[in-house]
Amino acid sequence: MPRHERLPAYRVLTHLVVMVAVAAVLGVVVAGLAIPFAGLTGIGARNVARTMDNLPEELETDALPQRTTILDANGNRLASYYDENRIIVPLKGISRTMVKAIVAIEDYRFYQHGALDLKGTLRALITNQANNGVVQGGSSITQQLVKLTLQSQAKTKAERAAATADTYARKLKELRYAIALEQTHSKDWILERYLNTAYFGDGAYGVQAAAKHYFNVNARDLNLRQSAMLAGLVKNPYGYDPTKFPDKALERRNVVLDRMAQLNTVPQEKVEKNKQKDLGLDVQDVDNGCVNSTAPFFCDYVINYLLQDPSLGATLQQRRNLLKNGGLTIKTTLDPNAQRDADNAVAAHVRKTDPAIGALAIEQPGTGNVVALAQSRPMGNRKKQGETYINFTVPKEYGGANGFQPGSTFKVFTLATALEDGLPLTTSFNSGSPMTFDMSDFSNCPGEGTFGGPYTASNSTGTGMFNMYSGTRNSINTYFLQLEEKTGVCKPYELAQKLGVKLTDPQAERYPSFTLGIADASPLEMAEAYATFAARGLHCASRPVTEISDSAGNVLQQYAPQCTQVLPQNVADAVSDVLRGVIEGGFASAQRLTVAAAGKTGTTQEQKAVWFCGYTAHYAAAATIAGIDAEGRPDSLVGKTIDGTYIYEASGSGFAAPIWGDALKPLTAGMPYDDFVYPQGIEGVGVTSVPQPKPPKGHGGGHGHGHGGGHGHGR
């Protein structure tokens, strides 16, 4: 039978019988209505009663999903994160005009009838004459709320199908729940819940999100034409979407206005005046996720950091659900000025489609606050435009990247260990190039066996007699290998771990060439490690978040600094005294700031990555440029064109240090000159050079196989 054909009278009668049966079972008896069908309702009523008895007596109304907002350190919105763009507001936070509009068009007798507006339902039933057994129209606001709630809370495919099925069984189920809601909640509660639940189209759930999205006002400030348009949307959120179908939205808005005039809710004169106005849209989009954030990879780090916090849920899915639907406010450590400077610095030296990754992390010593993360590849999935979702600035568990070999920036761990062991800053070695070492001379961790075989290393930055000052300033590989013979490999390795470098594979990493930076690390790990020296030996774990509060403003979780004194203060002070020479007259002198600064260059074997790690009293930062091939694997920078410049030879001082300097110079401009503390109780402070001897004897000349491919260039 065609859908538009009128149904036979007996079909209409059948529908009426069922509705009357429902009325009889529920005790909703309308005078003069049930009597003519009294003889017909017995069986129908019993069947309906059994159906109703099998349902729970009350509808569980879970907390509505709300969007989470991520803020920077200044309280500005960094990103939103949600499944449904919703902000819950109380009924008193919604304009009375909006309340009148929604009641007028959806359920004008809402405050007079119970859960079922039987009069309205029967009128709709007779008007529609049913439609292949489907009941349409006539639902009260309470019934609509039940339907929306069941749809929202449906978890399985079967539940979702049942929540949307056009059947009498669904109608009866909704009716039973609607009665329960009316018995246990006030009309105002139901209306408030409805206005916060309803979908208003174009991604806006609830009246507050809709008001902000379409008009950039709060729900409490909605005027008549705005309220009428929003009230008209709930019937068909897509079909009346004003961003897609403005003419239909305008026509529907005017229908609502006319209805309000018909019910004497608004004077006819005012309605006619508003009908002459346009929609008055001021659309404000709320991006979901990190892609369009001003700091996308910092935002991504925040989310992945919190997903690993068991206090936010027992399982990963529970934590993800809380973050996306909990209406949280997440306060972060991001400094927008530092982020801007970091972004500009990276972009000035590595282009997004270059065959390399440029990355920079900036952290605050003494707190662990991560203030900026920047990389050359933008966030996205358009590979030809250089986009990626891999975060190269953070450890693998937060960003997916393995990191890059940091080269000679690892020498600082051997330097600090030697000082902690009591070796004076004047400890000197005659450092030739190449030099062959007997690896059995390097002690391992207790119970871990010994090293064996020869190991040959070379210098690209000089030979001769060096002490800790000059050996570091000139980044002499063979000096640091001899120093590591004194300290052993175990202590520098464990110190790096204590300072935040996530070393997890001792068999590959804990080796005599460790001091030359053979283990992979991310910029954030290196910034965290160097921040420890700036904080005089106080190590603070990196943290991007300070506090999380719920939608009501209640603090759910605070993230206090996690700090431990891992080095004596005078040892860290001595390291700073040595490293400042790299900037004050050393390889990175071009990056000298207006405040005291210290740092270390790094270049890996085959020049696959170049680094500069440095700090002031207030900021620690690590910059890297790492070559990659077409498949994203580490590759030499030599022979590549980076930022329009062909690379014949790469060095940390020539390529990574300028990124560091371009970020730190504007960031520290105008800051007071806070100097490092002069080291006390350390022998040899200030002796920055030693007399040069005759050519070295003993070590030298031979060739060995080494481990992990050799050494770093140093500069």
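How many helices and strands does the secondary structure of the protein chain come to? There are 24 helices and 20 strands. Keep in mind that this is a predicted model.

**The whole chain**

Start with everything selected. Of the 715 residues in the protein chain, 55% are buried. Next, consider contacts between residues at least 6 apart in sequence: 72% of these join residues at least 24 apart.

**Helix H5**

Select residues 141-153, which form helix H5. With 13 residues at 1.5 Å a residue, H5 should span 18 Å, and its end C-alpha atoms are 18 Å apart, so the two values agree. Now colour the buried residues of H5: Ile-141, Thr-142, Gln-143, Gln-144, Leu-145, Val-146, Thr-149, Leu-150 and Gln-153.

**After H8**

Move to Asp-202, in the loop between H8 and strand S4 (204-205). Most residues other than glycine have a negative phi. Asp-202 is not a glycine, yet its phi is positive, about 55°. Its relative accessible area is 28%, so Asp-202 is partly exposed.

**A helix pair**

Select H15 (residues 336-347) together with H24 (residues 652-668). These helices pack with their axes 8 Å apart, at an angle of about 150°. Because the angle is over 145 degrees, H15 is roughly antiparallel to H24. The crossing of H15 and H24 is right-handed. On the H15 side, show Asn-337, Ala-338, Asp-341, Ala-342, Ala-345 and Val-346; on the H24 side, show Ile-659, Asp-662, Ala-663, Pro-666 and Leu-667. These residues make the contact. By class, eight are nonpolar, one is polar and two are charged.

**A cis peptide bond**

Go to Pro-434, in the loop between strand S8 (429-431) and strand S9 (435-438). Most peptide bonds are trans. The bond joining Ser-433 and Pro-434 is cis, with omega about 0°.

**Helix H23**

Select residues 569-583 for helix H23. Its 15 residues should span 21 Å, and the end C-alpha atoms are 22 Å apart, which agrees. H23 is mostly covered, with 13 of its 15 residues buried. Just after H23, look at Gly-585, where phi is positive, about 110°.

**Last stop**

Asp-643 has a positive phi of about 55°, although it is not a glycine. At 26% relative accessibility, Asp-643 counts as partly exposed.

How values were computed
Residues numbered from 1 in each chain as written. Predicted model: local features only at pLDDT ≥ 70, side-chain atom pairs only at ≥ 80, totals over all residues. Heavy atoms only, no water. Axes fitted to C-alpha atoms, helices over the stretch in contact; angles between N-to-C directions. Helix = DSSP H or I, 4+ residues; strand = E, 2+ residues; numbered from the N terminus. Parallel < 35°, antiparallel > 145°, perpendicular 65-115°, else oblique. Left-handed = near helix turned anticlockwise from the far one by under 90°. Contact = heavy atoms within 4.5 Å. Nonpolar A, V, L, I, M, F, W, Y, C, P; charged D, E, K, R; others polar. Expected span 1.5 Å × (residues − 1). Buried < 20%, exposed > 50% of the residue type's maximum accessible area, 1.4 Å probe, protein only.
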